[in-house]
Amino acid sequence: MKKLLKYFINGLLTILPIVLAVYIIYKIFGFLDSILGNLLKDVLKEDYIPGIGIITTIVLITVLGWMSTQYISGKIFSLIDSVLEKTPFVKTIYSVIKDTIHSLFGEKRSFSTVVLIEYPELNLKSVGFVTTEDVSSLSDELADHVAVYIPQTFQIAGFTFLVPKDKVKVLDIKPEDAMKFLLSGGVATK
């Protein structure tokens, strides 16, 4: 009976990560395909091919990216950006989304510097990411602080601490490895 239980547990440990990974990829594919795919299903009807929504979305994003670099269409995008940044309530939501996307994918990426901070009174340490080097715009007394984001385990949420620069130790770790370590609760070490 113990051998059967051992085989069952080994089977779970083998198949569960595979099934969950395939399921998550399937769900992501379905979501991305549905962005424009639902519109295309109505137009193409029986000729619709799964995945065409993703391809159309990628082509559309690429065309919009190219258009944003052109003189006239670039001016239009700048005007839209300016209107959104000046509209009450909308500007708060828009600026948070815009800043977050630019920090993840733009030229000046956040989450590229992995750091270690300490909680000396508890003798604890935490790994995080420097998201902003200069937080003095919040308050003059924060001129010697940096913003450090500490992700929570098994989710995307986290905490942002304003830590004195001299209390932050930069670690020589790839950001991807640090994020994998943090999000897995320390289970994934490589």
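Me: Which residue in β2 does V115 stand opposite?

Reply: First, the idea. Helices (H or I, at least four residues) and strands (E, at least two) are DSSP runs, numbered from the N terminus. Two strands pair if DSSP finds at least two bridges between them. Here, V115 stands opposite G128 in β2.

Me: What kind of model is this, and how are residues numbered?

Reply: This is a predicted model: local features need pLDDT of at least 70, side-chain atom pairs count only at pLDDT 80 or more, and totals for chains, interfaces and linings use all residues. Residues are numbered from 1 along each chain as its sequence is written, and side-chain values use heavy atoms, with hydrogens and water left out.

Me: How do I read the confidence, and where is it lowest in the protein?

Reply: pLDDT is the predictor's confidence in each residue, from 0 to 100. The mean pLDDT of the protein is 85. A value of 70 or more is reached by 94% of its residues. Confidence is lowest in helix α4 (residues 90–105), with a mean of 80. Strand β5 (residues 168–170) has the highest, at 91.

Me: Back to the strands. How many bridges join β1 to β2?

Reply: Seven, and the two strands run antiparallel. They form a hairpin with four residues between them. In the turn, N123 has a positive phi of about 55°.

Me: Is S126 buried or exposed?

Reply: Start with the cut-offs. Buried means under 20% relative accessible area, exposed over 50%, and partly exposed in between (1.4 Å probe, protein chains only). S126 has a relative accessible area of 13%, so S126 is buried. This residue is found in strand β2 (residues 124–132).

Me: Which residues does S126 touch?

Reply: Contact means heavy atoms within 4.5 Å. Not counting residues up to four places away in sequence, S126 touches V115, L116, I117, Y119 and I150.

Me: Where does D172 lie?

Reply: D172 is in the loop between β5 and α5 (175–183). Its relative accessibility is 84%, so D172 counts as exposed. D172 and V115 are 57 residues apart along the chain, and their C-alpha atoms are separated by 8.5 Å.

Me: What is a nonpolar core, and which residues make the largest one?

Reply: In soluble globular proteins, nonpolar side chains tend to be buried together. A nonpolar core is a set of buried Ala, Val, Leu, Ile, Met, Phe, Trp, Tyr and Cys residues joined through side-chain atoms within 4.5 Å. The largest has eight residues: V115, I117, V130, V146, V148, I150, V163 and V168. The elements that give two or more residues to this core are β1 and β3 (145–151). β3 gives the most, with three residues. Another core lies apart from it, with seven residues, including V114, L116, L171 and A178.

Me: How many aromatic pairs are there?

Reply: Here is the rule. Rings of Phe, Tyr and Trp (its six-membered ring) pair if their centres lie within 6.5 Å; planes under 30 degrees apart count as stacked, over 60 as edge-to-face and the rest as tilted. The count comes to two aromatic pairs. Y119 and F161 have ring centres 6.3 Å apart and planes at 80°, so this pair is edge-to-face. The pair links distant parts of the chain: Y119 is in strand β1 (residues 113–119) and F161 in strand β4 (residues 158–164), 42 residues apart. F159 and F161 form a stacked pair, 6.1 Å centre to centre, with 25° between the planes. Y119, F159 and F161 form one aromatic cluster.

Me: What is the relative accessibility of Y119 and of F161?

Reply: Y119 is at 23%, so Y119 counts as partly exposed. F161 is at 30%, so F161 is partly exposed. F159 is partly exposed, with a relative accessible area of 45%.

Me: Which residues does the UniProt annotation "transmembrane region" cover?

Reply: UniProt positions are given in the numbering used here, feature names are shortened, and annotations may be inferred rather than shown by experiment. The annotation, from an unreviewed entry, covers residues 7–28 and 48–67. In the model, residues 7–28 are 100% helix and 0% strand, with end C-alpha atoms 32 Å apart. Residues 48–67 are 80% helix and 0% strand, with end C-alpha atoms 28 Å apart.
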